[in-house]
Amino acid sequence: MLTPVVDEDGAPFWQYAAQGELRIQACAACGELRFPPRPCCPHCQSFDSEWRRMSGRGRIWSYVLPHPPLLPEYAAQAPYNAVVVELAEVPHIRLVGNVVAAPDAALNSVDPARLRIGAQVRVAFTELPDGTAVPRWLLERA
């Protein structure tokens, strides 16, 4: 299983994820939200930032079912999905992940036929073997 590379700018994102919170970096000067995290605001060039808690809700903006699995670490879980989720509060911010049946379920735990562009999802956090918590997505029931 691949694990994220945590850099200085993104470290708070992963710290909040470990607490089960989805937070996005915001400029403390102009209030603009930005992702991926970076030291300087692209809108006003301020170096002051804060981390705002999001609802964890969003919608599937795009998805793919890799055939064949592109990474050997995931071959046993094929077919699995990779989704791009736009956040409900900030549609211009999109996170990549997987839709799963439960937070600790396998990547292939959701029938690919259930995935649709625009489907409502909510975040769930899964702890990887190295202790890193990563966001995954659960389909909202209609």
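Me: Is E140 buried, exposed or partly exposed, and what makes it so?

Reply: The relative accessible area of E140 is 29%. Buried means under 20%, exposed over 50%, and partly exposed in between, with a 1.4 Å probe and protein chains only. E140 therefore counts as partly exposed. This is a predicted model, in which local features need pLDDT of at least 70 and side-chain atom pairs count only at pLDDT 80 or more, while totals for chains, interfaces and linings use all residues. Residues are numbered from 1 along each chain as its sequence is written, and side-chain values use heavy atoms, with hydrogens and water left out.

Me: What makes the pair E140 and R57 a salt bridge?

Reply: The term requires a side-chain nitrogen of Lys or Arg within 4 Å of a carboxyl oxygen of Asp or Glu. For E140 and R57 the N to O distance is 2.1 Å, so the pair meets the definition. Helices (H or I, at least four residues) and strands (E, at least two) are DSSP runs, numbered from the N terminus.

Me: Which term describes E86, the salt-bridge partner of R59, and how do you know?

Reply: The closest N and O atoms of R59 and E86 are 2.5 Å apart. E86 has a relative accessible area of 11% and is therefore buried, whereas R59, at 27%, counts as partly exposed.

Me: Why are β6 and β8 said to stand at the edges of the sheet?

Reply: Five strands form an open sheet in the order β6-β5-β4-β7-β8, with antiparallel pairing. β6 (94-97) and β8 each have a single partner strand, so one side of each is left without a neighbour in the sheet.

Me: What makes a group of residues a nonpolar core, and how many residues has the largest one here?

Reply: A nonpolar core is a set of buried Ala, Val, Leu, Ile, Met, Phe, Trp, Tyr and Cys residues joined through side-chain atoms within 4.5 Å. The largest has 25 residues, and those with the most contacts inside it are L22, I60, L87, V99 and W137. Apart from it lies another core, of seven residues, including Y80 and L138.

Conventions. Pairing = 2+ DSSP bridges.
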